[in-house]
Every structure is written in C-alpha cells, then in structure tokens.
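Hi everyone, thanks for coming. Let me put the model up on the screen, and then we'll walk through a few side-chain contacts together.

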Amino acid sequence: MADNGDEDSQYRIKQGDYVVLKRGNIFKAVQIQPKKKVIFEKQWFFLDGAVGNFYSTTFEIVSGALQPQKLKNTDSFTDAKEAGTDNRNIVDDGKSQKLTRDDIEDLKEKGLEGQEIIQHLIDNSSTFKDKTEYAQDKYIKKKKKKYENTVTIVRPSCRILAMMYHGREPGKICHLRYDTLAQMLTLANIHAGSKVLVFDTCAGLVLGAVMERMGGYGSVIQMYPGGEPVRAGMESFGFPAHFHDMLHGFPICRVNALLAGTLDTTAKDPSAGRACFFFSLLKLSEMFIALLFPEETEKLEFKKIFYVFVFVLQAQERLVKLEEKRKKLAAAAALLEGRNADGLVIASRFHPCPVVMGLLPFLAPSRPFVVYSQYKEPLIECYNKLKEHGGAVSLRLTDTWLRHYQSFGRSNVSLKTNGHDKLAHLKVT
C-alpha cells in the first residue's frame, strides 16, 4: 500500500505546485500556497482544500473553500424533455422567464446549488419546451456557466498554457496557437539529450514547451533581449529542480562579441564599483554634518551606524548576485563557443532577419531551425535573405490555418479561421 501511495503522489495536488484552474474554455495559472486568496471568474476562494486530491478533479466553491464535487445525475435536465421542431415562433421579448432577479437571489440565499437553480429557471420558462433540442442544450450550457460554482484543477502542460495565453492575452505570445507551437517543436526536432537555442519573446511559453519536450535532459540556452530573461510562462509549467539545471541564459546583445572572440566573462560588473563610490559619498556627508551641526552628531551616531550596516548588507548581497550572474554567463558562453547546437527555435516580435543571421553560426551542420512570426512579410524577407546568403537547404515558408466548421444538429460549432506563419530550414556547411 505504501508503494501505491508513493506512485499516486505524483498525480496528487501538493503545496507549492503550479496548477491551472479551468472552467469551460477559460484557464488561469496559479501556485498552490496556504491561505492564499485566488480570484477566478469574479469569484474568490482558497486553494487549501485542493491539496491531496488528484489532478483533473472538479471542485465546488462553498463559502470560499474548495470541496470535491459529488457525483450527480448529469441527465437530470434532459429526462422526459420535450423539444420543438424549430425556433421560428419564439419571440425574444424578455417576458418568457417568470422568475425575477430577486427570486433568483432568494434561491441562492436558501442554499440551493447551481443545478437546482437551473432547474427552476427551466420550469419557469414559457418558451423552453418550444425550443429545439440543440437550443435547449445551449440554454442549459449558458446557465451552467453562470450559476454553477465549480472549478477544475488540471496539471500545466504545453497545450493548456498555450490555450490559456491565447484565450486571455494573445498579444503576450504573438498570437501563437498551440497547434502552431506543436509544429514548431516537431520541425525543430526537439528531443531529450539535445542542445537547443531558444529566442523567445512570448513570455517564456516557447521556452517552457521546449523544456517540457526535452524532459530535463540536455541543454537549453535562452537568448534574451534586455537585461534579464522573461520566464513567466516557463515558470507556470512548475518544472522540478533538475529541469532548471539544464537551462542557461545569454543576452543577445553580446552575441557579436562572442563571435568576434572579444567577450570577457572574467571581468567584474562595472556597477559593482558604485558601492565604494556611495560609501565614500556617505563618509563625506558625515564630515559636513559634523562641521555645520556639531551638537547633532551624537544623535545621528546611532542612525549612521544603522544605515551603514544596512548598506553594507545590501552591497554584499548585490555583489553575490553579480558574481552568480557572471558565472552563469560564462557557462552559457562555454556552451555556445562549441557552435554545435542541435536546434534553433525563434518566436519573436522582432524582425527575424538579424536574429537568424546572428544565431545561425552557433548551429551545427545539418541541424534544423524554425522561425515564427505573427506576420508573413518579415518571414518572406528572411526567406529571401537566406536564399541569397546560402548555407541553408529545404527552406519552407508555411502558413498554418485553423478552421472550426459549423455543422447542423446537436454538434453546432462556430466557424473560425486564423493563420500563422513559420519558416523552417536546415543548415548545411
């Protein structure tokens, strides 16, 4: 039994886990923390009640606490249900529902659950029986979304997080869909044990997808713009500690220096010298205070000691962080100097041409690389640039379309089209 418990533990929700809250097609990534209030779809609750339960469990929100949902008869709305042949005679005049808003609030105060409230709405609707079967299902689905206080907790994955970002904040991930992301991972031949370069301005979603596909084996070098890498999307995956050991970061602004052989990873950060300058400025101000206000020097003595102590601690902590940053930079530079990366994935809001031409020398011969852009014009320019430059074969510029067709009957889905562009290559010597 102990062995079974250990095996089940990986499928159970634990404190500190990163999870995704799901209700219908709406997602939100959160971390399980004790007594932390979470707001999801205009409802607040605590996640403590979810600890110990299995992933993909549906919970009811009761007075701000989560309780596993009890099994209910899902066909209660459809038992002995009468349906019309069409909706042509139904007039939406707002008078078909006999229950008022106050009546619904009274039902809530009496402690009725969402399913019972929906049944009252159906019973008091004068047009429900005249609707078609599909229209009735659509009505029930709409009322469930409004009145049922349930939430499902699922384990984060590449597909779920991509759907979450695309549904809530598509601009943060350059409108990258999960099907396009899956094709990018396949075209770049991402697998365990490889060395992959990633340039990602999609909130770290592409970086996390690459790390998930590699399973914690190999090396991932994140090329990032600016001073610090953005890894919010990657952190939402909730990877174990050994996954982070394979991750390295390198600022893209230093790529040219690395290619030219002028990058000095042993030099100290110039900002570290500001601590000595500030300390000297502090001593100089103390001398002026002693000369101008000699009677106040004794009162300021204690404050001076306290401020100096705090400043020294902060300066020491900053020096430690700068040293760690320098060591990480040196480790990433050592990986790049071999110029034997197995894959390159670029998904960026920047123009891809300079990025591709700058990172292509670090790729080993006969290795694939993929470039994603929300727009086709930059990729066309990059395609022509690579054709002129040479060194790459099997150039393919693709546009992925996703269509949701509308079918008649019970399975009615809205029509939706969207296109995303990718450029796939294979480097040769």
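Let's start with two helices: L181, A182, L185 and T186 in helix 6 meet L205, V206, A209, V210 and R213 in helix 7, where contact means heavy atoms within 4.5 Å. Before going on, please note that this is a predicted model, where local features need pLDDT of at least 70, side-chain atom pairs count only at pLDDT 80 or more, and totals for chains, interfaces and linings use all residues. Residues are numbered from 1 along each chain as its sequence is written, and side-chain values use heavy atoms, with hydrogens and water left out.

Back to our helices, which are DSSP runs (H or I, at least four residues) numbered from the N terminus. The axes of helix 6 (residues 178–187) and helix 7 (residues 205–214) come within 11 Å and cross at roughly 55°; axes here are lines fitted to C-alpha atoms over the stretch in contact, with angles from 0 to 180 degrees between N-to-C directions. That is why helix 6 counts as oblique to helix 7 (under 35 degrees is roughly parallel, over 145 roughly antiparallel, 65 to 115 roughly perpendicular, and the rest oblique).

Now, some charges over rings, meaning NZ of Lys or CZ of Arg within 6 Å of the ring centre and within 35 degrees of the ring normal. The charged end of R12 sits over the ring of F54, 3.9 Å from its centre. K37 has its charged end over the ring of W44, 4.6 Å from the centre.

Finally, both F239 and F243 are buried, which is under 20% relative accessible area with a 1.4 Å probe, protein chains only.

Definitions and conventions
Buried means under 20% relative accessible area, exposed over 50%, partly exposed in between (1.4 Å probe, protein chains only).
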